[in-house]
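Morning, everyone. Please bring up the model on your screens, and we'll walk through a few contacts.

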Amino acid sequence: MDLKDKLVSSFMAFENNVDVEHPVHDIRTEAIKNFEEKGFPSKKQEAWKYTSLKGLQKVDFSIFPKQVNTLELKEVKKYFLHEVDTYKIVFIDGNYSPFLSETTHDGVDICLMSAALTKPMYKQVIDVYFNKIASKDESLTTLNTAFSREGAFIYIPKNKMPKKPIEILHFSTGNEASLMLQPRNLIVAEENAELQVIERHQSLTSNEVLTNAVTEIFAAENAIVDFYKVQNDAKTASLIDNTYINQKDKSVVKVHTFSFGGKLTRNNLNFYQNGEHIDSTMKGVTILGDKQHVDHHTLVHHIEPNCESHQDYKGIYGENSTGVFNGKIIVDKIAQKTNAFQQNNNILISDKASINTKPQLEIFADDVKCSHGCTIGQLDEDALFYLQSRGIPNKEARALLMYAFANNVLESVRIPELKSRINKIIAEKLGVRLGFDL
Amino acid sequence: MLKINNLHAGVEGNEILKGIDLEVNAGEVHAIMGPNGSGKSTLAAVIAGKEEFEVTEGNVLLNGEDLEDAAPEERAHKGIFLSFQYPVEIPGVSVTNFMKTAINETRKAKGLEDMPANEMLKLIREKSELLEIDRKFLSRSLNEGFSGGEKKRNEIFQMAMLEPQLAILDETDSGLDIDALRIVANGVNKLKSKNNAVIVITHYQRLLEYIVPDFVHVLHEGKIVKSGDKELAHELEDKGYDWIKQEAAV
Ligand SMILES: Nc1ncnc2c1ncn2[C@@H]1O[C@H](COP(=O)(O)OP(=O)(O)OP(=O)(O)O)[C@@H](O)[C@H]1O
Ligand SMILES: [Mg+2]
C-alpha cells in the first residue's frame, strides 16, 4: 500500500479517537476528500519541479505511534533554548509531554491544540480562526487538516504579551521504524499583542521521520509576532512546513528560517496582508552539505495599499546538497504604494551542489516599489587573499567569509541567546573555530 | 631580510614583472615609485603570496628562505605585511573580531595560546590611540562604507596590531588628508626599528618627507630601471618619468 492509500484508510481509525460531532470534524472530512482526490504533489507541478516526494512515499511510515513514550529532560535539554526562561509546548512522537512542557493560562493561553479543539471555552476562537487562512485545496495542507488534533495553541488577547518566549518542540524517539507526524498549530495575536515563538523538530535517532506541519498565524491590528524556525534535524528526518500568516493593519510579523539539518525540507511560507501599513519580513539562512535538500517557497500577497515586505535569504551549499528558492510576490491592483523587497544570495562551495532560485512577481498595481535580486557565486578571491595576508589560514578565512555572508540575516533576531546559538551552529557547520566569541 | 632575484611573474602568460632584483635589509626604508601600470602593486602582491600571479622565473627570499611554496597566511606568520592599495570590504566581520582572529591565528601558527581577552583589549586600545582611531569605528564591519582615507588608516592600524618584520605600504598616502597623512606616517615611524623594514610604494614625494627612505627605486614596465637615494624622489617630482623612460629605452 502506498503512503496516500495508507493515510486515507487510516482516517477511519483516526475518527475513533476524535469527537466526530465537533464542527471541526466537518472541516477534517472535507480535507481528507481533497487529499484523496489530489494525492501527493508530483514534480509535474510547477511548484514541485525541483523537490520530489517520491522517495518518501515509498517509506512505510507509522501514522500513529503504537505507544506513548517519555524522555528524560537531560536527554533533550540541549535542544531547548535553556539559557533563557521560556514557555514550552513539547511533543514526543506527536503526543503532548506535560512533564517537559511549561504552559500557561495566566492572561494568555499557551497550551494545546487538543484542548482548544475539545473544550467549550476555546470554541469561539476556534470558530473564528481555525483553518481560516490555511489553504483548502493544497493537498499537503489538507492532509494535515484532515488529521488535525494536536499541536500548539497560542492565544494572546488584546494588549497582552507573554512574559517569555514560547518554544514549540517536537521530538521523535525512534521507537517506530519510521514515523509520520502532522502537528497543527494555531497562533492568534489580538490587537496590540506581542509574542516570540521558537519552533524546532528534532529526531533523536536515525530512524526515518516525516513531518507535515501546518501553522496558522493571525496578527491583528498593531500586533507583533516573531517566529523562529530552527531546522537542524537529523539527516533522516524530513519536513514539509506549511505556514500561513494573516496580517491586519500595522501589524509586524517576522519569520526567520534557519535550515541546517534534515534530509528533505520544504518550507511553504505564505503571507497575506489584509490591511494597511503592514510589515512582513522573511529571513533565512541555509547551510547544507551531504545530500541534503531544502526548498524555500515564499508567497507574499499584497492585498491592500501602503504595505511592505522584506525577504532576505542566504544559502551556502556544499557537497551534493541542493537548494531551491522560489519567491512569489503578488501585488493586487488596489495595493498602491507597496514596497516589496526580495533578495536571495547563494554560495556554492562544491561543484556538485546546486541551487535553483527564481523570483515570481505578479504586479497589478502601478505605483509600487519592487526590487528583487538573486546571486549565485563562489567566495570572493580578493577577500580571501586579504584575510590570508593577515595570517588567517585559507580554511578559517573561507569560514569567516561564509559566516559573514550568513551573519547579517541574524541582525534582526531579537532574542540574543538564540542569536548566539544560531551563530554557534553556523560556525560549527562551517567546521572551524573562529578567533572570537560569537 | 628580503632578497628578490631576477623575479618574473604574470597572469595567464602575460608577463608583468620582468626581472626584478631588490635587497632590503633590516632597519631600511625603501621607496618604490613608477608610472601607473608599471607593476608596483603586482610586486607587492607577489611578495605577499597572491596565487593569482604566477612566478615564472627567479625567487623571493625572506631571511634566506625561499617563499615559493608559502601560502599568504604563512608569509604573514613569517612577518610580511601588505597594506593594500584597495583594501577589501568584508561586510559582517567587525574590525575588532577580524583583528582578534588574525592575531590568534598567527599565535596559533607559532604554537602559542590565544591572547588573553584583557591583553587583546589593551593592545587594541593602545594601537587605536596611536592612529587616533575612534573606538566606535572598531565595531563596524571591516572597510564597509569606510571612506578612502579611513580604509588606509585602518590598514596601518592592522599593521600596528600585527607588528610585522617587513611592511609593504602600497599607496597608503592616496586618499589621506594632510592631517591623516601625518598621523599615519607618525604611526609607521613609531613602529620602525632596526629590526624591521618598510617598502613604501607611492607616487608622491609628500609621504617621503615623513617616512624618509634610504633608497628610492623606479619601476618601469616590470623592471627596476633606476635606484638612488631620497634625492631621486625629488627629481621625479620635478621632472616626471619621461627622462627615465628615455634612459631605459637606450
Ligand atoms: N589580475 C590581472 N590580470 C591581468 N592584468 C593584470 C592583473 N593585475 C595587474 N595586471 C596588469 O599588470 C600591470 C601592472 O599592474 P599594477 O597594478 O601592478 O600596476 P601599478 O604599478 O601598481 O599601478 P598604479 O600606480 O596605477 O597602482 C597593469 O598593466 C595591469 O593592468
Ligand atoms: Mg598599484
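First, the ground rules. This is a predicted model, where local features need pLDDT of at least 70, side-chain atom pairs count only at pLDDT 80 or more, and totals for chains, interfaces and linings use all residues. Residues are numbered from 1 along each chain as its sequence is written, chains are lettered from A in the order in which they are written, and side-chain values use heavy atoms, without hydrogens and water.

Now the two chains. Chain B gives 35 residues to the contact and chain A gives 22; contact means heavy atoms within 4.5 Å. Together they bury about 2,400 Å², with 62% of it on carbon and sulfur atoms. Buried area is the accessible area (1.4 Å probe) that two parts lose on being put together, summed over both.

Next, salt bridges: a side-chain nitrogen of Lys or Arg within 4 Å of a carboxyl oxygen of Asp or Glu. Two salt bridges link chain B and chain A. Lys50(B) pairs with Asp382(A) in a salt bridge, with the closest N and O atoms 2.8 Å apart.

Stay with chain A. Glu199(A) and Lys229(A) form a salt bridge at 3.2 Å, N to O. Glu199(A) sits in strand β8 (residues 194-203) and Lys229(A) in strand β10 (residues 224-231), so the pair ties together parts 30 residues apart in sequence. Strands here are DSSP runs (E, at least two residues), and helices are too (H or I, at least four), numbered from the N terminus.

Last, the helices. In chain A, the axes of α2 (residues 23-38) and α7 (residues 139-146) come within 7 Å and cross at roughly 140 degrees. Axes are lines fitted to C-alpha atoms, for helices over the stretch in contact, and angles run from 0 to 180 degrees between N-to-C directions.
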